[in-house]
Amino acid sequence: MRRTIPFLWQGCLMFLLFRTELVKQLRRLRTWVALAFVIAIPIIITVALKVSPPDAGPGRGGGDRADSLFRLATQSGLLIPAAALRVMSEFFLVVIICMFADDAIASEAGWGNLRFLLTRPISRARLLTAKLSVAAIYGLVATSRIVTPGLLAGGFAFAFRPLTLPMLG
């Protein structure tokens, strides 16, 4: 019985630390700006594809795979999230997730709270685990914020028609 009490207490501390980090990250202006940027990109891509759809007429060449994804995205709104994820995953999404992870430690050091955090009865590894877990959760939230507006904007602009995929060969 004695061994379970400290284990439960550490789990409670870990949960409290995780919850605190989640709320701290949510209250930062940087988080809201990043999430607004992530929501805007699929909408911008949808408007760009609606205004000027890519064409692969004769003599234009096949283009690369990203170009063919954008051509297919104009057929059905279901592929707009895939096109947006393709654009975002090369650079912007990586930067946003790194920003969430970096902000977890750097802001504490900048505000002078890091030395007080390290005096808590929780190990540094658990502290870092909680902070990086929160960064991973916000990374998943950012990814879902690419897919959801992409589906809505794609459905509005191109409708949810059945996909007709070209033969792969």
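Q: Let's start with the core: which residues have the most contacts inside the largest nonpolar one?
A: In this predicted model, the largest nonpolar core has 25 residues, and those with the most contacts inside it are Leu49, Met88 and Ile96.

Q: What does Ile96 touch, leaving out residues up to four places away in sequence?
A: With those left out, Ile96 touches Ala34, Phe37, Val38, Met88 and Ala142, and Met88 is itself listed with Ile96 among the residues with the most contacts inside the core.

Q: Met88 again, then. Which residues of helix 4 are buried?
A: The buried residues of helix 4 are Ile80, Pro81, Ala83, Ala84 and Met88. These residues cover an arc of only 160° around the axis, so they sit on the same side of helix 4.

Q: Switching to packing, how do the axes of helix 2 and helix 7 cross?
A: The two axes come within 9 Å and cross at roughly 30°, and the crossing of helix 2 and helix 7 is right-handed.

Q: Why do helix 2 and helix 7 count as roughly parallel?
A: The crossing angle is roughly 30°, and because angles under 35 degrees count as roughly parallel, helix 2 and helix 7 are described that way.

Q: Which residues meet between helix 2 and helix 7?
A: On the helix 2 side they include Leu35, Val38, Ile39, Pro42, Ile43 and Leu49, and on the helix 7 side they include Tyr138, Ala142, Ile146, Pro149, Gly150 and Phe158.

Q: What does Thr74 touch, not counting residues up to four places away in sequence?
A: Thr74 touches Leu49, Pro53, Pro54, Phe158 and Arg161; of these, Leu49 in helix 2 and Phe158 in helix 7 are also among the residues through which those two helices meet.

Q: Last one: what is the phi of Ala159, and where is that residue?
A: Phi of Ala159 is near 65°, a positive value in a residue other than glycine, and Ala159 is placed in the segment after helix 7 (124-158). For context, most residues other than glycine have a negative phi. Ala159 is partly exposed, with a relative accessible area of 34%.

Conventions: Residues numbered from 1 in each chain as written. Predicted model: local features only at pLDDT ≥ 70, side-chain atom pairs only at ≥ 80, totals over all residues. Heavy atoms only, no water. Helix = DSSP H or I, 4+ residues; strand = E, 2+ residues; numbered from the N terminus. Buried < 20%, exposed > 50% of the residue type's maximum accessible area, 1.4 Å probe, protein only. Contact = heavy atoms within 4.5 Å. Core = buried A, V, L, I, M, F, W, Y, C linked by side-chain atoms within 4.5 Å. Arc of directions from axis to C-beta. Axes fitted to C-alpha atoms, helices over the stretch in contact; angles between N-to-C directions. Parallel < 35°, antiparallel > 145°, perpendicular 65-115°, else oblique. Left-handed = near helix turned anticlockwise from the far one by under 90°.
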